[in-house]
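Subject: Structure handover

Dear colleague,

I am passing on a structure that I would like you to look through before we next talk.

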Amino acid sequence: MPVDHNTTPGFAKQADASDELAYLKQQFHFPKHNGKDVIYFCGNSLGLQPLQVAAAVETELNSWKELAVGGYFKGPNPWLYYQEYMKPSLAKIVGCRENEVTVMNALTVNLHLLLLGFYRPTPERFQIMMEAGAFPSDQYAVETLVKHFGYDPATAIIEISPQEGEKTLRTEAILEAISEHGGSLAMVLFGGINYYTGQFFDLKRITEAAHAVKAIAGFDLAHVAGNLPLQLHNWDVDFAAWCSYKYLNAGPGAVGGVYVHERHANRPRLGGWWGNDEKTRFKMEKGFVPKTDAGGWNISTAQVFNTVCLKAALELFDKAGIDQLRAKSIRLTAYLEYLLHQLPNIRFEIITPTDPESRGAQLSLYFIEKGKEIHDKMIENGIIVDYREPGVIRVAPAPMYCSFEDVYRFYEILRDNF
Ligand SMILES: *Cc1c(COP(=O)(O)O)cnc(C)c1O
């Protein structure tokens, strides 16, 4: 879909004026810089606070104050079912049935729990395949998992790297590697989007390839949930986990999200009473009877105060629709990409794939020189972006609260200073 971009400020103004989601920007708190709202391109790291979060927290504080233990059964949102309230919205965002999604704990903890439920190594089949350069916490999780089972990470973990001279992975290369290691592969565990390159992997085809060799397909969707729409159920993905504080805007330490395909409802796992059927939960009897849905993976009492912000944040996703957000996101990121290519004096490379189908909101820019200076200049001008050595700036124009004018401002600073 070619768009007639141009480098006039009028283009950005016009694009914002015709953006049906522009109203969402007013639904967030922005940090201030010299008395003005910053431009925030760091939603891939920590999303902004939705205005309605404070009132939502207040509601639960009041239930606690006025009802105390009665809050589990009474009040506006009885806590006994608290994780249930997230399911309809999350099911739409990740593309699954409501019985396939739940919220609990935090991301890496959930990865561990899912890995313990799904990794069943045998002497023949014990390997886990990941993308090289996965987020460190995921690397640590898998390293310690295989050690826990008595395997050597050097042989039990297979990392797929880009071809010589390339920064991102080719889908064909991933699929080939899966079939090549087929006989010894227990699981494929990829980040849905690599946090560093911004590459979105073809989850459907990776899952197909994993299943073709009888391996489990699991994904860490930290950078995907709320960024791109998914079809986890239709793609037959076995399990997935994500955090809620990046594109989902649920705040630091927010409850994590978990998807488990319904065919795994009875799979053995580490259990606790909140995953037990409510009918027998309070009988306090022997014998774990897991709920027959993803909620059966819950372990502890619903964590109301790290879930309430997610509950409030999801209302904005319900209002906007993930497909509409994605449509805007594609335009916004393409506009950023276009503007960057109009800067002949700056030596940089876009690491993120150019194909919109292979990326979300984020572009990772590798500045061959002056990367840190550019980052500092942005901060000086109230534009929040992320910097990683050796000169990579990650820019994530999240469609919920970033505008075309924000993107234009980023371009202007590059154009006028470098
Ligand atoms: C952000 C992120 C994490 C962080 O995990 P927590 O347990 O929430 O601290 C883990 N993995 C990936 C891929 C991430 O992007």
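This is a predicted model: local features need pLDDT of at least 70, side-chain atom pairs count only at pLDDT 80 or more; totals for chains, interfaces and linings use all residues.

The ligand site

The residues around the ligand are Leu-107, Thr-108, Phe-135, Asp-138, Asp-220, Ala-222, His-223, Tyr-245 and Lys-246. Sorted by class, this shell is made up of four nonpolar, two polar and three charged residues. On the oxygen side, an N or O atom in the side chain of Tyr-245 lies 2.5 Å from an oxygen atom of the ligand. The ligand taken alone would expose 390 Å², and the protein buries 84% of that area.

Helix 10 and Thr-307

Thr-307 sits in helix 10, which covers residues 304–320. Is Thr-307 buried or exposed? Its relative accessibility is 3%, and because buried means under 20%, Thr-307 counts as buried. The side chain of Thr-307 reaches the backbone oxygen of Gln-303 at 2.6 Å, and it also makes a polar contact, at 3.3 Å, with the side chain of Asn-306. If residues up to four places away in sequence are left aside, Thr-307 touches Tyr-82, Met-86, Val-103 and Val-255.

Helix 11 and Ser-329

Helix 11 runs over residues 322–340, and its 19 residues reach 26 Å from the first C-alpha to the last, which is close to the 27 Å expected at 1.5 Å a residue. Its buried residues include Ile-322, Leu-325, Leu-332, Leu-336 and Leu-340, and also Arg-326, Lys-328 and Glu-337. Ser-329, which lies in this helix, is likewise buried, with a relative accessible area of 0%. Not counting residues up to four places away in sequence, Ser-329 touches Asn-227, Gly-360, Ala-361 and Pro-399.

Backbone details in loops

Which two residues does a cis peptide bond join? The bond is between Glu-389 and Pro-390, with omega at about 5°, and Pro-390 belongs to the loop between strand 16 (386–388) and strand 17 (392–395).

Asn-34, a residue other than glycine, has a phi near 50°; Asn-34 lies in the loop between strand 2 (32–33) and strand 3 (36–37). With a relative accessible area of 71%, Asn-34 is exposed, because exposed means over 50%. Lys-214 has a positive phi of about 65° although it is not a glycine, and its place is the loop between helix 8 (203–212) and strand 10 (216–220). Lys-214 counts as exposed too, at 67% relative accessibility.

With regards

Terms used:
Residues are numbered from 1 along each chain as its sequence is written. Side-chain values use heavy atoms; hydrogens and water are left out. Helices (H or I, at least four residues) and strands (E, at least two) are DSSP runs, numbered from the N terminus. Buried means under 20% relative accessible area, exposed over 50%, partly exposed in between (1.4 Å probe, protein chains only). A polar contact is a pair of N or O atoms within 3.5 Å; within protein, one must be able to donate a hydrogen and the other to accept it, and residues adjacent in sequence count only if both atoms are side-chain atoms. Contact means heavy atoms within 4.5 Å. A residue is near a molecule or strand if one of its heavy atoms lies within 4 Å of it. Accessible areas come from the Shrake-Rupley method with a 1.4 Å probe; for residues, only the protein chains shown count as cover. Ala, Val, Leu, Ile, Met, Phe, Trp, Tyr, Cys and Pro count as nonpolar, Asp, Glu, Lys and Arg as charged, and the others, Gly among them, as polar. The expected span of a helix is 1.5 Å times one less than its number of residues.
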